[in-house]
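Biologist: Hi, I have a few questions about this model. Could you walk me through it?
Modeller: Happy to, let me bring it up.

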Amino acid sequence: MSHVFPRHTKARLPLVARGEGCYLIDADGKRYFDGSGGAAVSCLGHGDPEVTAAIKDQLDKVAFAHTGFFTSEPAEALADLLIAHAPGALDRVYFVSGGSEAVEAAIKLARQHFLEIGQPERRRVIARRQSYHGNTLGALAAGGNEWRRAPFAPLMIETTHISPCYEYRLRREDESAEEYGRRAADELEAEIERLGPESVMAFIAEPVVGATAGAVPAVEGYFKRIREICDRHGVLLILDEVMCGMGRTGALFACEKDGVAPDILCIAKGLGAGYQPIGAMLCTRAIYDSIADGSGFFQHGHTYVGHPTACAAGLAVVSAILNRGLVARVNALGAALKDALHERFGQHPNVGDIRGRGLFLGLELVADRASKEPLDPARAVHKAIKAAAFEAGLICYPMGGTIDGRRGDHILLAPPFVMEERHVDEIVDKLGRALDAAL
Ligand code: PLP
């Protein structure tokens, strides 16, 4: 009997034995194509010799030194590299161990910033209904997934939610994409005014929504208007690129394609690519200075912030993404995969939408393409697809997200950037078999 407390207590999981490139191999020798990189983590695939060598090298020097006493070479170098490529005025990097921690730190930094500059009444966070920002209490409060939030609602900080920018379902037929983007963004202004601008500290959003929606980017212009609204009311813009950042969408940072830069940016999964647990929160010079010139101490911190070995892994991963030209590769392979998905599932009666950017793609499943009626949630089709794909040797990330307050099924694909053109057929073929079995 196992003594591990698993995620799903009723599931019987195979033992993973090895990782080789785009494949995970279980103890019985069965090979699984890692079509979602776990959950958009394994951007370099498995067993990358450069990254493992960098980790071993750091372990030989020093595995860990507490940031209360030391900084470290890998932390300094990784921060420099990230800031050299980061959008806008982002200037400082705070390293953490994962995505929820990055969001938690971002929310606390926003609050402390306003305390430091003498605006203590700013304490409210606005987020979007279709979002996931992590599972710690602050991050969970920001997220919009009702199912995840419900049991813990009494423990949460005050957050209000506006509509997502979700063209497939929420754009009216009489609207252009531009008009829709403006209407969706203006909900933020209305919410800030409703709450009272002096009480709002931050708006948080994923540039491309991952776990709750299956790779939903905003329409062009939406985030530019969001940026303007935040600026007009002195509200900080926090962008959560934990899933969609680090090259995944075909730009090192997803917000580059939206033409905006945040005040605070959260990254994680692709930063360590699964080789080490690491995340980061980047902030502007102005926010950093509010603390540096004020109390001089960010009232936050976990034991493993700036972990040298994790930073060494992150440095090797980001260097690999940049030096091997992987962002361009993501664009090329992403286009090929999207085309193949359209070709195979474009007319499928239960595939309502195929979307996403780069190698961050999603399929939304419906009962009826014309009415966009979601599948019956009681069928939990996403679970059946996950199981059938796994059986077929494909790891993908099907979910039942929230659509206008109802459950809806979608499938997220986030394969390694190092996949080959020939893997496109393998993904589409195995996914096709899974849909046939589950629907
Ligand atoms: N933010 C986003 C957008 C995510 O997708 C996730 C995880 O899926 C998180 C935050 C939380 O990250 P972690 O699971 O590393 O804590």
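Modeller: A word on terms before we start: helices (H or I, at least four residues) and strands (E, at least two) are DSSP runs, numbered from the N terminus. This is a predicted model, where local features need pLDDT of at least 70, side-chain atom pairs count only at pLDDT 80 or more, and totals for chains, interfaces and linings use all residues. Residues are numbered from 1 along each chain as its sequence is written.

Biologist: Thanks! Which helix gives the largest share of the shell around the ligand?
Modeller: That is helix H4, residues 99-116, with three residues.

Biologist: And how many residues surround the ligand?
Modeller: There are 15, and the closest are Gly98, Gly99, Ser100, Gly134 and Val242. A residue counts as near a molecule or strand if its C-beta atom, placed from the backbone, lies within 6 Å of it.

Biologist: How do the residues of that shell divide?
Modeller: Seven are nonpolar, six polar and two charged. Here Ala, Val, Leu, Ile, Met, Phe, Trp, Tyr, Cys and Pro count as nonpolar, Asp, Glu, Lys and Arg as charged, and the others, Gly among them, as polar.

Biologist: Back to H4: how many of its residues are buried?
Modeller: 15 of the 18 are buried, so H4 is largely enclosed by the rest of the structure. Buried means 20 or more other C-beta atoms within 10 Å of the residue's own, exposed means 12 or fewer, and partly exposed is in between, with C-beta atoms placed from the backbone.

Biologist: What span should H4 have?
Modeller: At 1.5 Å a residue, its 18 residues should span 26 Å, and the end C-alpha atoms are 25 Å apart, which agrees. The expected span is 1.5 Å times one less than the number of residues.

Biologist: What follows H4?
Modeller: Gly118 does, with a positive phi near 75°.

Biologist: Which residues other than glycine have a positive phi?
Modeller: Ala40 is one of them, with phi near 60°, and Ala215 also has phi near 60°. Ala40 is in helix H1, residues 37-40, and Ala215 is in the loop between strand S8 (208-209) and strand S9 (216-217).

Biologist: Is Ala215 buried or exposed?
Modeller: Buried, because Ala215 has 31 C-beta neighbours inside 10 Å. Ala40 counts as buried too, with 27.

Biologist: New topic: at what angle do H3 and H13 cross?
Modeller: The axes of H3 (residues 73-85) and H13 (residues 308-323) cross at roughly 35° and come within 8 Å. Axes are lines fitted to C-alpha atoms, for helices over the stretch in contact, and angles run from 0 to 180 degrees between N-to-C directions.

Biologist: Which residues meet there?
Modeller: From H3, Pro74, Ala75, Ala77, Leu78, Leu81 and Leu82 meet Pro308, Cys311, Ala312, Gly314, Leu315 and Val318 of H13. That contact divides into 11 nonpolar residues, one polar and no charged. Two residues are in contact if their C-beta atoms, placed from the backbone, lie within 7 Å.

Biologist: Last one: what does Thr159 touch?
Modeller: Not counting residues up to four places away in sequence, Thr159 touches Val125, Ala127, Ala141 and Ala142. Thr159 lies in strand S6, residues 159-162, and is buried, with 20 other C-beta atoms within 10 Å. Thr159 and Ala127 are 32 residues apart in sequence and 7.0 Å apart in space, C-alpha to C-alpha.
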